[in-house]
Amino acid sequence: MHALIIGGGIAGLASALALERVGVLATVHEAHPRSGEDIGAFLTIAGNGMRSLDRLGAAEAVAETGFALTDLRSATPDGQVQADRRLDAPGDPLSRFRCLRRADLRRALHDEAVRRGITVRQGERFISARHDGQGSVSAVFSGGGEASGDVLVGADGLGSSVRSYVDPGRGGAAGIRYAGQNIFYGYTRDHEPPHARGRIDMIRGQGWFFGYTVSPEGEVFWFARLSAPELTREELSSPAPGAWERRLMPALGDAPVPARIVEATGERVMATNAHDIAPGAPWRKGGALLIGDAAHAASPATGQGASMAAEDAVVLAKALRDCDGTEAALNAYEEVRRGRAEENVRRSRDMSLERPVDPVDPETARRREEELSRALDWDIPLTAPTTGS
């Protein structure tokens, strides 16, 4: 079997690594001539993401990049601590959250893929697909080139070109929703806020949410989510010097720690919008399947984007290994993944829009964890959930 993977970012490279584990030949086709990642943003990989990367044989390579997060503290703008909790299972290195730049995660996965002999082609921009009626699917690229395989995996992110093929009515930008918040982020070594090694601090204000952590080298990684009208394409493409600092600082006026971090970052503050994809859209068409953000992009509030992509990769590989034929495999994949992935989209959107988010009761949490453990276990054949998500 040969899989064509469109997109050389986190979802695409993770899928290639997972497919290699089950003996499926995968070729990655990336539109960008050098890389497929934003060099500025950073992210966290949660415990479920690290477990998934371990199944791919990539956890050690990723763990060497970035740094571990073991604790989370929540506080009010004036510094009153509301909660402290452990993020990982003590004694289990693979459950430890990681904080790292997106580009560094992409590079670690890319290097591991190349080390295993997986072909990654740069500068191949997908424009359409074609099925031959005999079970083969071809990808057509903007330069006139084509590639054929048994399955086409659309792992090309939020603005997916493959989604435009799978769902022409809601594909591309038409399928993307604004989630109600501007996202600001940055790094600084010019201010050291109160912190503990391995801890991420979260501060909630009126209409804003701020998080920061400090690397072992003393660099502050921070983000802010501000409820506000969507930033325009023109504003994002050519911001005036200091524009994002000036926009964010008034909201943080009553919160000394966030304000000082942003002030220390100065003109290096970066910005974007929070977007997601509405649940219920098609994920596949014939032998073409969407995964990762191309299928179920969530706003960043839950911090699960990379982790969900890694889960997708394991489940897709198991589906193609365990099911009789591509059609059955893609059906099984969607049955296992849709409920969990779209629940994350809904919860993250509610958090972004500052709506109440109901806690998950212990029994539901236990059942979901058991289902996830089975789905990520190579030794257990893939089966759909037996109960609702």
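This is a predicted model: local features need pLDDT of at least 70, side-chain atom pairs count only at pLDDT 80 or more; totals for chains, interfaces and linings use all residues.

Residues are numbered from 1 along each chain as its sequence is written, and side-chain values use heavy atoms, with hydrogens and water left out.

**Exercise 1. Work out how helix α1 sits in the structure.**

Step 1: Find the helix. Helices (H or I, at least four residues) and strands (E, at least two) are DSSP runs, numbered from the N terminus. Helix α1 covers residues 10-21, which makes 12 residues.

Step 2: Check the length. The expected span is 1.5 Å times one less than the number of residues. From first C-alpha to last, α1 reaches 17 Å, close to the expected 16 Å.

Step 3: Look at burial. Buried means under 20% relative accessible area, exposed over 50%, and partly exposed in between (1.4 Å probe, protein chains only). In α1, 10 of the 12 residues are buried, so the rest of the structure largely encloses this helix. Among them are I10, G12 and L19.

Step 4: Step past the end. Just after α1, G23 has a positive phi of about 85 degrees.

**Exercise 2. Find which side of helix α12 is buried, and what covers its buried residues.**

Step 1: List the buried residues. In α12 (residues 362-376), these are T364, R367, E371, L372, A375 and L376. They span an arc of only 160 degrees around the axis, which puts them on the same side of α12. The arc is that of the directions from the helix axis to the C-beta atoms.

Step 2: Recall the geometry. An α-helix has 3.6 residues a turn, so residues three or four places apart point the same way.

Step 3: Name the cover. Contact means heavy atoms within 4.5 Å. The cover over the buried residues of α12 includes α2 (47-56), α10 (305-322) and α11 (326-352).

**Exercise 3. Describe the surroundings of N182.**

Step 1: N182 lies in strand β13 and is buried, with a relative accessible area of 0%.

Step 2: Look for polar contacts (a pair of N or O atoms within 3.5 Å; within protein, one must be able to donate a hydrogen and the other to accept it, and residues adjacent in sequence count only if both atoms are side-chain atoms). The N182 side chain makes one with the side chain of Y178 at 3.1 Å and another with that of N273 at 3.3 Å. The side chain of N182 also reaches the backbone oxygen of P229 at 3.0 Å.

Step 3: Compare sequence with space. N182 and P229 are 47 residues apart in sequence, with their C-alpha atoms 7.6 Å apart.

**Exercise 4. Classify the ring pair F42 and Y187.**

Step 1: Learn the rule. Rings of Phe, Tyr and Trp (its six-membered ring) pair if their centres lie within 6.5 Å; planes under 30 degrees apart count as stacked, over 60 as edge-to-face and the rest as tilted. The whole structure holds nine aromatic pairs.

Step 2: Apply the rule. F42 and Y187 are 5.7 Å apart, centre to centre, with 55 degrees between the planes, and the pair is tilted.

Step 3: Locate the partners. F42 is in strand β3 and Y187 in strand β13, 145 residues apart. Both F42 and Y187 are buried.

Step 4: Widen the view. Ring pairs join F42, F67, Y187 and F221 into a cluster.
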